[in-house]
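This report describes a single structure for a reader who has not seen it before. Please keep the sequence and the model in view while reading.

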Amino acid sequence: MAMDLPDDYFMKAALMEAVTARDRGEIPVGAVVVCNNIIIARAHNLTETLNDPTAHAEMQAITAASAYLGGKYLDKCSLYVTLEPCTMCAGALFWSRIGKLVYGAADEKRGYTANAKRILHKKTGVLPSVMEKECSSILKDFFKTKRQDLTANNN
């Protein structure tokens, strides 16, 4: 019988996606979809690259996982994402019927819990704050660098 891998194992994979996003000049958010202890989709923010405000890591991961499985329902899957999903992404998670949502850093301004607590499917399990420090750090460092660059360019 196969042992379930710990949540931080998969969150580390999502963090690697966030690093890829950061290195491409995207807001560093990464996501992976896991089914039967196997990563079936990897994604990161592509809003700048695609010039598309809906190209969040979660949306990209849902699309890739649905294509991999050949169906729109992800009820036997878990999504690991480095930042709490926004309302748009939570709505997509509702429609995909994701089995479990695991996120790292809370998003107090734009996260779904601040705006629409009951947006996820009633059967979706939620586990917040997994590797919260690491997930928060990559975001804070990214925006600190952006502010420094902006200040340097204005001087």
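## Leu101 and its contacts

Leaving out residues up to four places away in sequence, Leu101 touches Leu79, Val81, Pro85, Leu93, Tyr112, Leu120, Thr124, Gly125, Val126 and Leu127, where contact means heavy atoms within 4.5 Å. One of these, Val126 in β5, stands opposite Leu101. Strand β4 (residues 100-105) and β5 pair in the parallel sense over three bridges.

The model is predicted: local features need pLDDT of at least 70 and side-chain atom pairs count only at pLDDT 80 or more, while totals for chains, interfaces and linings use all residues. Residues are numbered from 1 along each chain as its sequence is written, and side-chain values use heavy atoms, with hydrogens and water left out.

## The nonpolar core

Leu101 is also among the residues that touch the most other members of the largest nonpolar core, together with Met11, Val33 and Leu79; this core has 40 residues. Such a core is a set of buried Ala, Val, Leu, Ile, Met, Phe, Trp, Tyr and Cys residues joined through side-chain atoms within 4.5 Å. Buried means under 20% relative accessible area, exposed over 50%, and partly exposed in between (1.4 Å probe, protein chains only).

Two or more residues come from each of α1, β1 (30-35), β2, α3 (57-69), β3, α4 (87-96), β4 and α6. Helix α1 gives the largest share, six residues. Helices (H or I, at least four residues) and strands (E, at least two) are DSSP runs, numbered from the N terminus.

## The sheet

Five strands form an open sheet in the order β2-β1-β3-β4-β5, with mixed pairing. Its edge strands, β2 (38-44) and β5 (125-127), each pair on one side only. Two strands pair if DSSP finds at least two bridges between them.

Strand β1 pairs with β2 in the antiparallel sense over six bridges, and Val34 stands opposite Ile39 in β2. The hairpin of these two strands has two residues between them, and Asn36 takes a positive phi near 55° there. Five bridges join β1 to β3, also antiparallel, with Val32 opposite Tyr80. Both faces of β1 are covered: Gly30, Val32 and Val34 are buried on one side, and Ala31, Val33 and Cys35 on the other.

Helix α6 (residues 132-154) has 23 residues. Its buried residues are Cys135, Ser136, Ile138, Leu139 and Phe142, and they pack against α1 (7-23), β3 (77-83) and β4.

Thr47 lies in helix α2 (residues 47-50). Thr47 counts as buried because its relative accessibility is 16%.

Conventions. The expected span of a helix is 1.5 Å times one less than its number of residues.
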